[in-house]
Amino acid sequence: MKLDVNALRYLTKDDFRVLTAVEMGMRNHEIVPAELIGRIASLKHGGTYKVLKNLLKHKLVHHDSSKYDGFRLTYLGYDFLAIKTLVNRGVFASVGRQIGVGKESDIFEVATEDGTVLAMKLHRLGRVSFRAVKSKRDYLRHRRSFNWLYLSRLAALKEFAFMKALEEHGFPVPNAVDCNRHCVIMSLVQGYPLVQVKELPNPDTIFETILGLVVRLAEHGLIHCDFNEFNIMIDDDEKVTMIDFPQMISVSHRNAQMYFDRDIECIFKFFRKRFHLSFDEKEVESDGSDSELNESCRPQFLDINKVSGCLDKELEASGFTRKDQDDMEKFVEGDVEEDLGSDSGEGEDEDGTACPINDATLDGLESLSLIREEGDNLQEGDSEANQNIVQHPSIEPSQSGEIAVEDRQVEHDDDSADDNTGTEEEQDDDPELEKRLTKQRQRAIQAARGRRKGITSRNSYKDKGGKSSHNSKIQKQLGSW
């Protein structure tokens with residue numbers, strides 16, 4: 001849409017008030033209802049519909065009545081809001097001709113009150129020529145829903161931040177003056193795009209300077225991602241200036257090497273085709289020092305040494321954000337604490353805290369294995385099973401796990417087995433005791449096979465962690481086995 005600022009001088013305060021109301025309503029509405037616009041604007045004497053009709057005539061808003069009666073802001077209306085704000089700040093006083101157009105922005109000349117000429121860049125994402133913003137740019141990040149005006153504002157803020165930081169670190173970039181909404185004001189570069197230059201007195205020097213800028217950016221943690229002849233300005237003194245920064249990413253990005261190699265390839269390809277430079281691209285072995293930048297060696301991404309104070313961390317470039325860095329540090333610290341806690345827990349078990357638990361566990365495991373073997377023998381015949389019963393008469397029929405533990409102890413203690421030879425005859429003579437022991441033995445076999453609940457802690461529901469929970473977990477595992 002062509003920017004015609006002649007209508008700007010005829011707009012009143014009520015017009016800008018209604019425009020601002022539409023902008024505020026678009027934060028959570030794709031089409032802002034007319035009633036909501038009237039409530040937000042709160043004009044003293046009413047007349048919101050009359051103002052909307054005037055704005056619609058100048059194409060500052062768009063009317064949509066497909067679902068309900070509402071309006072949305074156009075790029076021209078968004079331009080007027082940004083220009084009005086910057087004029088009120090005193091950044092510039094007049095708007096001149098258009099000096100550039102791209103797939104994502106338009107560039108105009110503006111002048112201050114003292115006659116200084118600046119450049120005004122209006123971001124216009126959503127054009128038919130470039131609508132794959134969600135896959136090509138990292139403006140959205142975690143957001144799912146968006147509109148093109150909001151994306152243009154994010155792109156402008158990102159470019160202004162990159163331009164400010166690069167200027168502070170001595171990079172040849174335009175001087176960033178101010179920013180509002182999707183509009184960025186910068187100094188006007190006195191030069192020409194490199195694509196318009198047909199001849200150069202020293203193309204080799206310019207070539208090395210441009211390659212040095214790519215490597216220097218990578219050393220500060222940034223990759224341009226669109227470093228070609230269209231985004232390089234050169235003046236009559238062969239001074240090189242970089243432009244167009246919203247797509248820059250961090251060297252920590254997963255595709256950083258691919259974008260770095262692509263920028264290098266664009267420069268090699270252009271100088272080879274335009275200025276007929278020949279390059280010997282044989283790889284030169286480096287001794288670990290800075291990579292040599294000459295015609296015989298192409299810069300490699302893996303040879304880049306990052307300097308202190310990387311800009312990707314400061315500016316939250318794509319692929320390396322402060323939030324991700326904090327989450328990563330917390331995650332690493334949490335892993336270290338867990339490792340230390342597990343080591344200390346194991347040490348406590350070895351010292352003696354887990355000694356009684358381990359003894360009971362080992363005895364229980366061995367008794368359970370014996371119970372399984374005895375259960376298999378029980379299926380073969382009751383007579384063989386009755387012959388394998390070895391039980392002490394002092395055993396209480398309270399818990400099957402205690403019976404199994406004492407079974408194991410009786411079988412492995414030769415002295416106690418010799419003492420109990422006389423008691424076995426008494427058990428055979430007492431049919432009630434034998435029947436009771438048989439039932440308890442069958443219950444233990446069923447618990448071992450998982451037919452009913454195994455050995456669990458009575459206070460397992462109260463365990464919130466620590467040694468008691470560790471004990472209950474072991475008992476649960478024994479029951480499942």
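## A guided tour of the model

Where pLDDT is low, the predicted coordinates should not be read in detail.

This is a predicted model, in which local features need pLDDT of at least 70 and side-chain atom pairs count only at pLDDT 80 or more, while totals for chains, interfaces and linings use all residues. Residues are numbered from 1 along each chain as its sequence is written, and side-chain values use heavy atoms, with hydrogens and water left out.

Now colour the chain by confidence. The average pLDDT is 75, and 62% of the residues score at least 70. Helices (H or I, at least four residues) and strands (E, at least two) are DSSP runs, numbered from the N terminus. Confidence is lowest in helix α12 (residues 382-387), with a mean of 42, and highest in strand β8 (residues 183-187), at 97.

**A pair of helices**

Select helix α2 (residues 34-41) together with helix α3 (residues 48-57). Their axes, lines fitted to C-alpha atoms over the stretch in contact, come within 10 Å and cross at roughly 105°; angles run from 0 to 180 degrees between N-to-C directions. The two helices are therefore roughly perpendicular to each other, a label for angles of 65 to 115 degrees.

Show the side chains next: Ala34, Glu35, Ile37 and Gly38 of α2 meet Thr48, Tyr49 and Leu52 of α3.

**The sheet beside them**

Which strands make up the open sheet of 3 strands? Select β1, β3 and β2, which lie in that order with antiparallel pairing; two strands pair if DSSP finds at least two bridges between them. At the edges stand β1 (32-33) and β2 (61-64), each with a single partner strand, so one side of each has no neighbour in the sheet.

Zoom in on β2 and strand β3 (residues 70-73), antiparallel partners over 4 bridges. Here His62 has Arg72 as its bridge partner, and His63 has Phe71. A hairpin of 5 residues joins β2 to β3.

Finally, bring α3 back into view: this helix lies across β2 and β3, running at about 110° to β2.

Conventions
pLDDT is the predictor's confidence in each residue, from 0 to 100. Angles under 35 degrees count as roughly parallel, over 145 as roughly antiparallel, 65 to 115 as roughly perpendicular and the rest as oblique. Contact means heavy atoms within 4.5 Å.
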